[in-house]
Structure formats: structure tokens, C-alpha cells
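Good morning, and thank you for the time. I would like to take you through one structure, with attention to its charged pairs and its helices. Please have the sequence and the model before you.

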Amino acid sequence: MASKLAGRKLYYTINAVAGLAIFFFGYDQGMMGGVNTSPDYVRVMKLGYSTYEGPSEGYVATITEPTRQGGIVSIYYFGTLIGCLIGGILGDKLGRIKTMILGSLWVLFGAALQCSAQNIAWMCCARVINGIGTGHLNAIVPVWSAEVATHTSRGAFIASEFTLNIFGVVVAYWLEFGLGFIGDGTSQVRWRFPIAFQILPVLAFMACLPMMPESPRWLIKMGRNAEAREILGRLRSDDGNVEADRAVREYEDIVATVALEKEHASRNSYVSMFFGRNDGGLHVARRVQLSIWLQIVQEWVGIAAITVYAPTIFAEAGYGARKSQWLSGLNDITYMLSTLLAVVTIDRLGRRVGLWWGAVGQGISLILAGAFSRLLKDHPEKAAQYGGAAAFFVFLYTFVFGATWLTIPWVYPTETFPLEVRAKGNAFGVFGWSIGNGWLTLLNPVMFNRIGENTLHIFGAINFLSIPLVWAFYPETANRTLEEMDYLFMSKSPFVWDEEENFRRMKEEAERARIEGKTAAGPGTPASEVVNVADEKN
């Protein structure tokens, strides 16, 4: 069926299929929150004990081994770290479609082991396997999406998939909330069924993948130009015309880029990329650092802290356990709806503006949420006022994060790397995300135990510190073709203002060369060659 689609219909189909993987990713992350509070899970994994709190609350788990509990959750990110590196290699060698199928198989195996786990060792091994598969998908699905999208809608294309990502979180939360009412809450179904449920979207994703088009950029890299032209024709015209102007122009740009990038094949290993060996002036190592640190900072701007601390704020505000659960679920729905704002603004305002206003809104929300939480503790008689204010800023933070910092750090690495190493490049972004997430999964409970609501103030301050970081080192990528990104990063200086000047100069040279029938200054040309072209004309 998909082989007959073209234009917008094909776009929407690809977006929906990629969204299945992103939905799974969100569901898989949100799932463990409910699993961790299941009395039977706590018993099987020897994490604590459960007490009966009456017919309205049922059995409530008490965790006496928080380090063990955190270890089970965080070891998943060790798996994603391994999986993203493997997926990056396979994605560049086997193609995007085959690698996504392989990643899905890892996920299915890991999910089957998780939902049948009988002890903590079994569960940890299953979590690692599941993480390896998720790492494959995280490294490749955004790259595939970016490579088939147009340069003017690339951000919105990927951001719309993240609406499904948070929808996955919402589904996980409410499914587990509902299962808590089965019997007295001690059933194995309460935690085994939610784990098994993730198999369904992955099976649907796998079933659709063989009908999806391969990335035309990867096909050209592998010398399969005829297939690439046919796919570009379907993507860039409503009638599948391979001679459409947009398709022809993009095809020529990709061919020129691939030819020039192959001259530097020795830079393709992870080690060469990380240290910038033999990169022909393309400064791949700079792009690696930008991708890793943007994902690490994404975790340090406070989303993990809010996720952990929000139920405590709701409880201290005087809300009962069930009402606190309702509020947490509504917060997740707010989170999902906020991603729709990202779809509208990510290409219109650009990546930099989104990160800036997001950091300001998040920083203010975290600091005020922390302040009202302190007042709530000091003045329990005013729990309704101070608790309501703290809860409001939790909701506001979640909304702003969903509209900005949730999506942009995932989009950025898919845009900035040369074609020949794009999958590996995005894998570095997932590597950073795995480090940031795993680190804070273990650190957050310790911070909240030692300094309480002041943890929110620390993350609030980090938001404001991220603003000069983005201003100085992260150039704008919105509304620029993937082939033009080399113009930015071929600047010898890492500062944005110098990169923008280099972009302007090199693009002018490339347009002049195109008009005069030359190719010496095409996208991906080493900086020294472009300088020589300019010198010859002066």
C-alpha cells in the first residue's frame, strides 16, 4: 500500500509508523512508575513490604530498598547506551529499515523476559535487553524521520511524533492506575500486564516497516541511486514525479555531498568522530560534543526531578493518595498537549529561541515550585493555598518542557551530522541521554532525601545557566537543508556568530559555483577548497 502513496499521504504514513516506535518509547519509560508501586512486584523483587490501607486505598507498597529499586530502573539506560552505539553502526551499514526491525526484535525479547521475571537478577537482565532494543530505535527512528522530511518541516515532523511519545506515558499511567482497582491491588496482573502491553505497538511497528521507504540519503550513499530518485520523487511531489524540481535539486545536492564525504571515509568510526580525526575540516568532534551535552542538559533542566517530586507536592498539599494519583495523571495529559505547541513553533521560531524561552519558563517554575513547597512545610495550616500554588508551577513546568526542551534535543542531533555518519552521530545524542537519565535516576532520590525541595532550586538555576551555553555554541538549524549543515560547522571557531558568518560566505560561494556550473564549493566541500575557490576569484 505505502509503495503507491506519494506527497503528503506518504509523509503522514511515515509519520504515523515512526510514531508507533516513539509511542512505545514513551510507554516504556512511563510504565515503571506504576510497576514500582505494585505490591506483588515489590514482594517478588524484595524491595519492601505492603500494608492494607482500607477499601478505598487497598494495599500500598512501602519501599525499604530504594537503591535496589533505582538500580532496576537505571540499568535500563545502560542497555540503551549499548544499543544506541550498536544501532548507529548498523544503521549506517544495513540501512534504517533493517536496523529498526532488529531493534524491535531486541525489544520483544526483553519485554517477554520482563513480564515473566521471577527475581531481581532476571528482571535486570531483561531490562538491559529491552534497553538495547530501545537504544537501536532511539538512534535510528529520528534519523529516518529527519532524512525523509523537508528542511522547512523537519522539526515539526519529528515533534509531532513526540506527541505520541507522551501519549505513551499517559497510556502507561492510566492503565496502571486502573489495574490498581483489580481485587485488593495485590494481583500479579497489576505489573505483568503493563510490561507485556508494550509488545503490541512494537509488533504493529514491525509489521509496517517492510512497506516503508528506505531513507533516500542512505540509498545514495550505498550507490542505489535509482531507488533513491524514485523515493525522492514520491516524497517531494504529490504524483510521484521523479523529475519534480524539488526532487531533482535535492537529489543533486545529496549526490554531491556523498561524493565529497566519501573522500574522508577514515573518520567514520566512533573514536575518529569523538576525537575529530581525519574529518577534513568538518569538525565532527564539535558536533558530537554538542549532541551529547544537549541531551545531558535536557535531563538536568529538571524533568526527572519534577517527575519524582510531583506526587510528594500533591500529597503534602493535603490531597489523598487517590487524588494525588489523579493530579499526576492530569499532569501527564498536560504534558502531552504541550507537545502540540512544539509542532507549531519548532520550525517557525527555531531551535535556539525554543531552548531560550523554555529555559526561562522552566527555571521560574522550578524555583517557585521549590519556594512554595518550603512554605507548605513551614505553614501546614495553609496547605490549600501553598500546595495549590506549588502544584500549579509543577503543571506549568511540565507544559513548558513539553513545548520546548522535550523535542529540540532529539531533533538537533538528527540534523547536524554529515550523511555518512548521521546514524552514528545521532547515537551519540542517545548516549548523552542515557548518561543523563541513568545518572539522575540514581542521584535524584539522594538529593531529595538530603536537601528536599532545594533540589528544585538547583535545577532551576541550571535552566538559566543553559541560556548562555545555547547562545554561544548552538547554531540555528531550522529551515536549513541537511546538506547545508556543513557550512555551519566548517567554521574553525566554535562560536555561533563565527559559524553563521561562515555559513553565509560558503553558501554564497556554493550558489555562485552552481550558477557557473562548478561543483567545487558544493555542500560538504572541505573548508580549504572553498577558500581556494574564493581566492581564485579575487
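This is a predicted model: local features need pLDDT of at least 70, side-chain atom pairs count only at pLDDT 80 or more; totals for chains, interfaces and linings use all residues.

Arg351 and Glu415 are both buried. Their side chains form a salt bridge, with 2.4 Å between N and O. This pair joins distant parts of the chain, since Arg351 belongs to helix H15 and Glu415 to helix H17, 64 residues apart.

How enclosed is helix H17, residues 408-416? Nine of its nine residues are buried, so helix H17 is largely enclosed by the rest of the structure. Among the buried residues are Trp410, Tyr412 and, once again, Glu415.

Val360, Ile364, Ile367 and Phe464 make up a nonpolar patch on the surface, and together they have about 280 Å² of accessible area. Helix H15, residues 351-378, provides the largest share of the patch, with three residues. Ile364 lies in helix H15 and is partly exposed, at a relative accessible area of 41%.

Lys424 and Asp92 form a salt bridge in which the closest N and O atoms are 3.6 Å apart. Lys424 sits in helix H18 and Asp92 in helix H3, 332 residues apart, and the pair thus links distant parts of the chain. Are these two residues buried or exposed? Both Lys424 and Asp92 are buried. They also belong to a network of salt bridges that links Asp92, Arg96, Glu147, Lys221, Arg422 and Lys424.

Helix H3, residues 66-93, and helix H18, residues 422-451, have axes 8 Å apart and meet at an angle of about 175°. Because angles over 145 degrees count as roughly antiparallel, H3 is described as roughly antiparallel to H18. The residues of their contact comprise 13 nonpolar, ten polar and three charged. Helix H3 also contains Ile89, which is partly exposed at 31% relative accessibility.

Glu511 and Arg249 form a salt bridge, their closest N and O atoms being 3.5 Å apart.

Across the whole structure, the search finds 24 salt bridges.

How values were computed
Residues are numbered from 1 along each chain as its sequence is written. Side-chain values use heavy atoms; hydrogens and water are left out. Axes are lines fitted to C-alpha atoms, for helices over the stretch in contact, and angles run from 0 to 180 degrees between N-to-C directions. Helices (H or I, at least four residues) and strands (E, at least two) are DSSP runs, numbered from the N terminus. Angles under 35 degrees count as roughly parallel, over 145 as roughly antiparallel, 65 to 115 as roughly perpendicular and the rest as oblique. Ala, Val, Leu, Ile, Met, Phe, Trp, Tyr, Cys and Pro count as nonpolar, Asp, Glu, Lys and Arg as charged, and the others, Gly among them, as polar. Buried means under 20% relative accessible area, exposed over 50%, partly exposed in between (1.4 Å probe, protein chains only). Patches are made of residues with over 30% relative accessible area and no salt bridge: like charges are joined within 9 Å, nonpolar side chains (Val, Leu, Ile, Met, Phe, Trp, Tyr) within 5 Å. Accessible areas come from the Shrake-Rupley method with a 1.4 Å probe; for residues, only the protein chains shown count as cover. A salt bridge is a side-chain nitrogen of Lys or Arg within 4 Å of a carboxyl oxygen of Asp or Glu.
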